[in-house]
Amino acid sequence: MAKNSRSGPSIACELSQERVIAARIVEDGTSLDSYTGRAVAPGALTPHLAEQNIANADVVRQAVADALTTVGSRSRDVTAILPDASVRVALLDFDTLPEKKSDADSVVKFRLKKALPFDVDKASVSYDVHRSNGHIRAVAAVVLNSVLEEYESVFRALGYQPGVVLPSSLAALGNIEGTDPTLVIKSDSATTTLSIVGGGELLLFRTLENTGGVPPTAELLVHDVHASLVFFQDSYNMRVDRILVGGLIDAEQVGATLQAQTEVPVQNLVASRHVASARPNFPASSLAGVVGALLG
């Protein structure tokens, strides 16, 4: 669906262990106008939930500077996209939740305490609340303040303002069209995240650590995908209508096997209509985060 105006930044930049990807959106908000990637030297950035992430700030900063300069923008506002391994995402269900934000903050943080390997009071917590038919669910994203500062300082040192910060898989969900239940699989070298969205709501979210620092094969994915589909069907009495894949995996790699085992169509999360005709020097599926952040 075409968008006539946008309230967020017109550029997005995703940092990962492998590369930095930057993109700028066209004025009507329907596709990317410009995008590029810069490789990150091994060891310069290693995502962790509760440890230092950026070991060589100069290398990461240079990659970000080169990428953002290439896509070009008059604005210095940018959406910063962080690795999934650096952010904890949790779905929290409540019988009641205060309408007043300050009161709700305390309730959400209390629930998060048991799910975090660090003190929630030393973290940045953001959440979105959905209220429907007496059911209350909060989608919370939590990042340790020191980790957040590592990433934000890269942009600020270059004169950019990271006004919006998102974990990669949540950013990618901004590109989901329609309301039918959809399984989204996004993988990088450290983690693979399985999300199910339906009716504009996040219904399931699982982040799995990859073995050996590489994305899973289709054969390895089948078990986790099947378990998620069964859980979803039992919990919501609905079936997933499609599977979308992105990050370091694409439909050409895993689609045939997943579709044969699940009987659910598999497509790429990033479609040709989202990007220019030119092929980037990295997998187009890796654009899932910036596409979702800008088009969402």
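Where is the place of Ser31?

A: A quick note before we start: this is a predicted model, in which local features need pLDDT of at least 70 and side-chain atom pairs count only at pLDDT 80 or more, while totals for chains, interfaces and linings use all residues. Residues are numbered from 1 along each chain as its sequence is written, and side-chain values use heavy atoms, with hydrogens and water left out.

Ser31 sits in the loop between strand S2 (19-25) and strand S3 (32-39). Those labels come from DSSP runs numbered from the N terminus, with helices (H or I) having at least four residues and strands (E) at least two. Ser31 is buried, at 14% relative accessible area. On that scale, buried is under 20%, exposed is over 50% and partly exposed is in between, using a 1.4 Å probe and protein chains only.

Who are the neighbours? Leaving aside residues up to four places away in sequence, Ser31 touches Ile25, Val26, Arg273, His274 and Leu295. A contact here means heavy atoms within 4.5 Å.

Let's follow one of those neighbours, Arg273. Its side chain meets that of Glu177 in a salt bridge, at 3.1 Å from N to O. The term covers a side-chain nitrogen of Lys or Arg within 4 Å of a carboxyl oxygen of Asp or Glu. Arg273 is in the loop between strand S13 (266-268) and H7, and Glu177 is in the loop between H4 and strand S9 (182-187), so this pair ties together parts 96 residues apart in sequence. Arg273 is exposed, with a relative accessible area of 52%, while Glu177 is partly exposed at 39%.

That is one of 10 salt bridges found across the whole structure. Some stay within a single helix. Arg61 pairs with Asp58, their closest N and O atoms being 2.4 Å apart. Both lie in helix H1 (residues 57-71), 3 residues apart, or about one turn of the helix. Arg61 counts as partly exposed at 25%, and Asp58 is exposed at 53%. Over in helix H3 (residues 145-157), Glu152 and Arg156 are 4 residues apart, again about one turn. Their closest N and O atoms are 3.1 Å apart. Glu152 is buried at 13%, whereas Arg156 is partly exposed at 38%. This pair also belongs to a network of salt bridges that links Glu149, Glu152 and Arg156.

Now for helix H7, where you'll find Ala293. Ala293 is buried, with a relative accessible area of 14%.

Pockets are found on a 1 Å grid over the protein atoms alone: a pocket is an open set of points with protein on both sides within 12 Å along at least five of seven lines, and lining residues have an atom within 4 Å of a point. Points are joined across faces, edges and corners, and the volume is the space filled by probe spheres set on them. The largest pocket holds about 1,200 Å³. It is lined by 44 residues, and the closest to its centre are Leu170, Leu173, Gly174, Gly292 and Gly296. The lining divides into 20 nonpolar, 17 polar and 7 charged residues.

Last stop, the nonpolar cores: sets of buried Ala, Val, Leu, Ile, Met, Phe, Trp, Tyr and Cys residues joined through side-chain atoms within 4.5 Å. The largest has 73 residues, and Leu32 and Leu287 have the most contacts inside it. S7 gives the most to this core, with 8 residues. A second, separate core has 21 residues, including Leu221, Val225, Leu229 and Val240.

Definitions and conventions:
On a 1 Å grid over the protein atoms alone, a cavity is a set of points where a 1.4 Å probe fits but cannot get out, and a pocket is an open set with protein on both sides within 12 Å along at least five of seven lines; lining residues have an atom within 4 Å of a point. Ala, Val, Leu, Ile, Met, Phe, Trp, Tyr, Cys and Pro count as nonpolar, Asp, Glu, Lys and Arg as charged, and the others, Gly among them, as polar.
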